[in-house]
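Hi,

Here is the structure I promised to pass on. Please open it first, then read my notes below.

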Amino acid sequence: MTERYLPLMATVTVFLALFVTGGVLYEHFFSTLVLGHILADNAFIIIAAIGTTFVILSGGIDLSIGSMIGFVGVVMARLDTLGWHPLASAAVLLAFGLLFGAAQGYIIDFCDIQPFIITLAGLFMLRGACFMVTLDSIPIRHPFVDAFADTSIPLPGDGFLASSAIVMLVVLAGAIAIAHFTRFGTNVYAIGGDRASAVLMGVPMRRTTVMIYALGGFYSALGGVIYALYTSSGYPLAGTGNELNAIAAVVLGGTLLTGGVGMVAGTLFGGMILGLIATLIIFHGSLNGAWIMIASGVLLFLFIVVQRSLVGSFNLRRSS
Amino acid sequence: MADTSTPRIELLGVSKSFPGVRALENVELRLNAGEVHALLGENGAGKSTLIKIMTGAVPRDAGEIRLDGRPVQIGTTADARALGISTVYQEVNLIPTMTVTKNLTLERQPRRFGLISWRRARALARQRLKRLNLEIDTEKPLGSYSVAIQQLVAIARALEDDTRVLVLDEPTASLDATETELLFQIVRDLKASGIAIVFITHFLDQVYQIADRISVLRNGRLVGTGPTAELPRLKLISLMLGRELGTVEAHLASHASLASGEPVLAAKGLGRRRTMAPFDLSLRAGEVVGLAGLLGSGRTETAKLLFGAIRPDSGELVLDGKPVPHNSPRQSLRSGVAFCPEDRKAEGLLGELSVRENIMLALQTKRGWLRRLGRDEQKRLAQEMIKALAIATPDAEKPVGQLSGGNQQKVVLARSLASQPKVLILDEPTRGIDVGAHADVVRLIRRLCSEGLALLVASSELDELVAVSDRVAVLRDRRKVGEMAGADITRENIIRTIAGR
Ligand SMILES: Nc1ncnc2c1ncn2[C@@H]1O[C@H](COP(=O)(O)OP(=O)(O)OP(=O)(O)O)[C@@H](O)[C@H]1O
Ligand SMILES: [Mg+2]
């Protein structure tokens, strides 16, 4: 029972440790204001990472996330210039993300090709499509964007929960329900745990695989929508490399890259840890952006090592 | 009691080919309601393939399936399930990373408003386990339980209220005598309730204990079928092997100990807390030492401690008279100690690699990766092993995952032997191996011994231990409780020591 929650506990502990460290080092750090900012800034990546969690839990990978975020942004911006309401274009793009992911999932299952290759193709295709739409940054001027930016829920203290963070928490709740309280969710864990057994236990492989990648596509499109609204623009290079941030968030969140073990809730903390590192380094002032990546890299490395040993002790118990 | 007018399930004219292998050819199988039907045959005869066709896990090339006289379409495992055909496969266990509850209820969790009710799922899981009198914590990951418990959980999962046909592919391979008896009790109850049961095994004793009828496959063809009473043991074996048995029994006859000199490998007070109490054990060249004990008595742990796969926290290991300070599998292999694990799927084999590559693994590790063996040399060695152990494979390049279960076991054995070890530790070496091959393996063990190899054989089959061992160490509750040698090694003696009387 507790064993299952061990990786999640580890993630939460690291998050709290970093947060408290910040509080000790810098004035005003340990506040809901900083927390709210971290949530708002990283909402889009966490949303995309939630979708990736399902993909990774099933033992797969999705590399098309960053391009999807960029593509959704430029199309939203283009449609805005044509007079579309952002919500209308968002609806269309979410449907697109869902279908694009579903198509990737279908090809992966039907042709039995590694997800790495298929989603890598997706990465190139979507990024190429971005440049077909525009070569420059396009602003989104619709008043809804300001309304979206102004909406927030005050937190105790001087912080507030921005609308992007609200959306993120809502979809997170949805994802937790899907992961732990639907047959689909359990099947995802089963496929990641042992693929051959899952087939023989009657898990519908085609349907589940399609749904997993559809969910991945949907969540990354939603990440793209939030990013476009948050930055009120579309830029063809936006989201470049974000698939790796998403994967990092999932792994820091305690999900095993080999699949079968992990929790969606962990991804929230994984994403926030990445955000916290960036914030800490910005607070420090004299360190530049390079340190954000170096620190994230070191932490990721340490985490994988710790996970390894956790899994190792689990296996040992199994054999004795 | 069987109603023979319409069989419960009939397979007619079933054929199946895999690339390079004709696995089944025009096979017929009839099962009546309320009978236990043993499906027998050598390793690679096509038993698992036949039942996979019956349960939709493998598509057939030709043939028809009739359930209660009506032709049925079985394209997927779900189709079979819906028709009341439940299966416990040979190779698959369940999903080790998931809890027992989740394993038992996968794809059939009780739901309310579309969401799974885990409270009711847990109740369902407990109820399923109760039918097998199994009381375990259903919220722990399945992988934390022993193979035997996992096997019982798999059976608990397969059994449904509407089960009409139950297929058990070597269900007793990892069970000890008590657990087997428990399983048979359950099988008899199920049979009484009118379920048709297919039972695949290599333990002939069990066939005579439980089966009403027998069908025998050889090289993908049905070579005989009939009531158990009309197929005495010798006839059955010659049907399976396609030749007279004569020689087989002779190999199991007693032998003189060939042991000589100082111990090659000796454990002094070796142990690990909560895993295995400290024990002394020594192996001399040319000697076979058996490890006896019930399931969970510490057989595997003892073997792994000696091999270095489990790190000891007390005692020491002496190899060729020199203490080994930090033992590890790699070091053991290098100094000539090889180990054949019991769970070949999880620890032994790399299914995607070819037979040749798998056989070469241990040898290459021993030589170090820089001193590569030439390809021709590899081929020659692999071919030699395939012949020595009669591994049924079209050629040495076939991926191991595609061999039948028993032949995979032989590859594990071949791999250890190829590295020409001084000490060989075998954990359940003959599990899933047919009678013919069983004799081959025993003969090979004897021959190796005469060439100066020291062997440790952990086995749940007492007859096998009695047949091959020069000395037997008996374990109980993770503690060595006795040792016997020479003429003292009898079935009765071992049982008495295990029981502690
Ligand atoms: N997926 C596969 N691909 C290729 N060949 C296969 C595959 N599955 C089985 N075979 C081959 O079909 C033949 C029959 O195998 P099967 O597993 O049915 O044997 P079995 O009677 O169950 O043997 P055992 O007693 O060893 O379990 C073997 O020669 C095996 O190598
Ligand atoms: Mg088989």
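Before the helices, one definition: an axis here is a line fitted to C-alpha atoms, for a helix over the stretch in contact, and the angle between N-to-C directions runs from 0 to 180 degrees. Keep in mind that this is a predicted model.

Start with chain A. Look at helix H7 (residues 163-181) and helix H10 (residues 205-231) of chain A. Their axes come within 11 Å. They cross at roughly 170°. Angles over 145 degrees count as roughly antiparallel, so H7(A) is roughly antiparallel to H10(A).

Which residues make the contact? From H7(A) come Ser164(A), Val167(A), Val171(A), Gly174(A), Ala175(A) and Ile178(A). H10(A) brings Leu215(A), Tyr219(A), Leu222(A), Ile226(A) and Tyr230(A). Of the residues in this contact, 9 are nonpolar, 2 are polar and none is charged.

Now chain B. It has an open sheet of 6 strands, with mixed pairing. The order is S6-S9-S10-S3-S11-S12. At the edges are strand S6 (85-88) and strand S12 (221-227) of chain B, and each pairs on one side only. On average, neighbouring strands of this sheet are turned by 15° against each other, direction ignored.

Within the sheet, look at strands S3 (residues 36-41) and S10 (residues 196-200) of chain B. They run parallel and are joined by 4 bridges. Leu39(B) has Ile200(B) in S10(B) as its bridge partner.

Finally, helix H6 (residues 177-192) of chain B packs on the sheet. H6 touches S3, strand S9 (165-169) and S10 of chain B. The direction of H6 makes about 150° with that of S10(B).

Best wishes

Terms used:
Residues numbered from 1 in each chain as written. Chains lettered and ligands numbered in written order. Predicted model: local features only at pLDDT ≥ 70, side-chain atom pairs only at ≥ 80, totals over all residues. Heavy atoms only, no water. Pairing = 2+ DSSP bridges. Helix = DSSP H or I, 4+ residues; strand = E, 2+ residues; numbered from the N terminus. Contact = heavy atoms within 4.5 Å. Parallel < 35°, antiparallel > 145°, perpendicular 65-115°, else oblique. Nonpolar A, V, L, I, M, F, W, Y, C, P; charged D, E, K, R; others polar.
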